[in-house]
Amino acid sequence: MLRISSCQQSIWALGQTSRVGSKRFISSGNTGKDLLNLDFLQPFSQKSVRRPPPVASSSSLRPPTGHYPRRGPNHASGSKNFDGSGRIPEGSRGSARYEQQQPHIPKITPSSVIPYFEANVTTWCRQMRTLKRLETFGFPLEESKRLLMLFAQEVQHGKLSGSEDASFHMLDRFAQTHEESSIDTIYSTIFFSWLTQTEHAHRSRIIKKARVSSSTLALADELMETTSCYYPADNFPFARTMHRKVIMHVGPTNSGKTYHALRALAAAKTGVYASPLRLLAHEIWERLNTGQIQPLGIEKDPSDTQNSSGGNPRWERPCNMITGEEQRIMGEDVGLLSCTVEMLGYQAKSDVAVIDEIQMIGDPDRGAAWTDAVLGLAAKELHLCGEETVIPVVENLLKDTGDELIIRRYERLTPLAVEEESLQGDFTNVRKGDCIVTFSRSNIFGIKKMVEEKTGMRCAVVYGRLPPEVRSEQAALFNDPNSGYDVIIGSDAIGMGLNLKIKRVVFESLHKFSAGGINPLSVSSVKQIAGRAGRYGLHADAGGSTTTLHAQDMAYLKQCLDTPYVAVDYGRISPSKEGLSTTMSILPEGSSIETAFDAHRFIGKIPPHLRYSSQNQLDQVYDVIDNEWADMPMEAKMLLLYAPVPWRDTKTVDIIKNCLTMFSETMSVQFDKAIEGTKFMSILDEVEEKMKDQKSTNSLEDIDIPNASDKLMLLESFHKATVFYIWMSFRHPVAYSNFEQVSALKERIEVVLNFMLDVISKKENLLQFKQLGGKGRRATAKAQDYSPRRETEKLQYLNKLDLQKLKLSKEMGGPTLKSYPTKSSSNTSSPKEYS
């Protein structure tokens with residue numbers, strides 16, 4: 001029998017189109033017995049492609065129909081668009097550049113759910129990946145074909161469409177907002193829900209008509225039981241012993257919602273603050289310890305004094321901090337804790353808990369941590385701060401917990417205006433206090449160069465690859481009116497976690513690369529980023545504004561800001577390590593951990609307001625776990641799944657693989673051995689020598705770092721490797737025993753990263769100054785220097801540098817960390833590429 005090619009599969013599965021009501025549906029174009037004939041489906045070999053092709057009815061074949069966007073002023077192919085005036089020629093960045101056919105994701109109204117479900121079931125059953133998935137779960141091939149045939153037939157005959165059946169199988173999920181693969185997931189879970197119904201008549205009919213064995217049904221029952229989570233709240237029995245008061249503080253950016261929740265925390269004897277970012281956790285930890293948050297019930301007193309941090313000594317509250325990479329313990333009996341949300345514990349009671357950015361509960365990758373926090377924190381008062389979009393999800397989560405839910409809504413404290421015009425592509429229109437938002441690292445440095453060249457103002461930069469400490473330092477430079485940094489350029493990282501004195505937000509673009517294509521920013525993202533302008537209490541004159549670099553984007557900006565928030569349909573949950581272990585024991589021998597995750601996603605029955613976390617970012621970690629760490633226990637595998645690993649950064653991943661190999665072979669991970677053969681230490685040493693030169697001359701004019709941008713990126717990768725090591729050392733302190741030494745190394749890298757950003761910025765300004773003969777606006781660039789605080793810290797650091805490096809080498813008990821020779825190509829295999 002002939003095997004159908006992937007192209008033929010897609011064409012065949014598309015079928016013909018028909019109309020049911022006002023919606024467009026896919027049907028096979030046949031009826032009766034031929035419609036359900038799946039004999040053409042052939043078994044896949046174990047060596048076939050891991051990921052089956054996307055559902056053809058989702059228009060997954062998507063050739064580009066327009067132009068991809070330029071990558072900014074640094075990009076070679078786009079550099080001609082920047083002329084001497086600093087203006088981007090009109091029309092070079094129009095909306096047409098974003099024209100790219102995206103996967104068809106249907107929008108299904110509640111009234112169209114049943115017609116859609118019945119019309120598309122045959123297409124789903126005929127997908128090669130549907131049958132392949134059943135085979136990987138351990139279902140016999142021929143029985144799977146017959147089961148799919150019977151399922152499609154019963155759906156088309158309306159046997160799953162009655163009100164009771166539709167409720168049991170949760171068909172209303174079809175009317176929710178969809179991702180590219182969610183229709184496939186919903187059909188699959190309905191199939192298993194139908195297959196595992198326990199009524200005797202139903203089972204007898206399946207056994208008779210589909211000719212399946214009792215062992216096949218038993219396998220389905222086992223998988224359904226272990227992958228389902230009918231009542232997620234029951235996973236947190238400690239919290240279920242309490243009657244909690246849950247207070248939602250919802251409103252736009254700069255509305256004071258988090259401030260009110262933090263006042264309640266500052267007044268509590270015991271409590272916890274949880275954020276999505278280490279930077280935010282550190283900020284709240286510092287503010288609580290230094291008395292910068294006024295406790296609820298305590299009024300200001302005219303006789304109050306200020307401490308060295310600008311806080312009120314009467315408001316100081318001792319607070320510990322725990323994040324994945326850092327612990328700051330002020331005392332064992334301290335009642336308050338600031339942490340990242342993934343570090344929360346659920347076995348202790350507290351008076352107050354504050355969960356920030358609650359809208360993250362819908363995040364495909366991290367949302368499960370927020371769901372756990374809402375259900376699991378044993379706090380008398382639980383404060384949830386964020387957008388009102390997730391109110392329905394929280395209401396559904398708490399429906400059966402017996403908790404009291406109070407919703408408090410807030411309005412923005414300062415006005416936000418959309419300016420009448422864009423910058424018309426002209427960087428000379430940038431002004432002091434601007435924040436320019438773009439979405440790639442190359443864009444950031446390209447725009448930085450253009451702004452500094454055309455205006456004479458220096459620019460701080462903030463983007464995702466920068467360590468939080470460096471981001472915070474760059475934000476401090478921008479906020480300091482005497483630093484000489486008048487503009488900040490950043491990615492969407494500025495939308496969360498930094499208090500910035502931004503007067504105007506300028507969008508370089510309102511599109512970014514995501515989900516395999518160029519997509520417009522969501523309404524929520526635009527509101528979050530634009531709302532950073534005019535932060536309350538940071539400006540003498542209240543209010544902020546926003547605009548775009550290009551006139552073509554102004555309409556979409558106004559549309560987003562005028563559009564009400566759209567409710568989030570569902571939150572996220574993740575499989576437990578116990579559930580994954582049990583699933584692995586049921587699946588065929590040798591099954592991968594990816595298959596165990598797929599079993600939860602495509603079989604498990606969970607409430608309709610929840611979905612399992614996305615696996616979009618996990619392909620690379622699956623490869624490592626299944627191919628290189630297959631013999632490690634499930635607990636270790638789960639730990640690696642959630643470790644802070646930039647899986648697309650091959651240089652960082654190579655170091656991490658070395659660490660994992662040492663862990664599995666010797667249970668002792670020495671960081672100096674993990675970085676053997678890399679150039680990281682030699683680059684670090686080189687730049688530190690340049691820092692010493694700058695110390696002696698007190699000038700950056702003669703500092704030359706060849707290929708500075710490339711070395712900056714390498715050191716960013718090096719920093720991420722140290723973060724991983726520290727993260728693992730908190731969980732395996734005996735195996736990852738170089739905690740103190742690697743922490744010191746991490747601090748060295750952060751100082752160097754800041755220095756390199758200074759070099760890149762100041763060298764450009766000095767070059768412009770020389771070209772102009774020291775005249776004009778750029779003359780101010782030469783006079784700008786480091787702030788006294790930063791210069792003093794840098795000098796103190798350099799004085800200790802040599803002793804620190806010597807101590808580090810001795811404590812590690814190995815060769816010095818000066819610089820290792822690079823492995824020769826003859827004995828080094830090329831690293832695996834991660835896309």
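Modeller: Helices H5 and H7 are roughly perpendicular to each other (angles of 65 to 115 degrees count as such, under 35 as roughly parallel, over 145 as roughly antiparallel and the rest as oblique). Their axes come within 11 Å and cross at roughly 95°, with H5 covering residues 141-156 and H7 residues 182-195. Axes here are lines fitted to C-alpha atoms, for helices over the stretch in contact, and angles run from 0 to 180 degrees between N-to-C directions. Helices are DSSP runs of H or I with at least four residues, strands are runs of E with at least two, and both are numbered from the N terminus.

This is a predicted model, in which local features need pLDDT of at least 70 and side-chain atom pairs count only at pLDDT 80 or more, while totals for chains, interfaces and linings use all residues. Residues are numbered from 1 along each chain as its sequence is written, and side-chain values use heavy atoms, with hydrogens and water left out.

On the H5 side, the contact (heavy atoms within 4.5 Å) is made by Leu147, Leu148, Leu150, Phe151 and Glu154; on the H7 side, by Tyr187, Ile190, Phe191, Trp194 and Leu195. Leaving aside residues up to four places away in sequence, Phe174 touches Ile108, Val113, Tyr116, Phe117, Ile183, Ile186, Tyr187 and Ile190.

Trp370 and Ala373 are among the buried residues of H13. Helix H13 (residues 367-376) has 9 of its 10 residues buried, so it is largely enclosed by the rest of the structure. Its buried residues pack against helices H10 (237-240) and H14 (391-397), and against strands E8 (349-355), E9 (378-386), E19 (571-573) and E20 (610-612).

As for the whole chain, the secondary structure comes to 29 helices and 20 strands, and 55% of the 835 residues count as buried.

Note on methods
Buried < 20%, exposed > 50% of the residue type's maximum accessible area, 1.4 Å probe, protein only.
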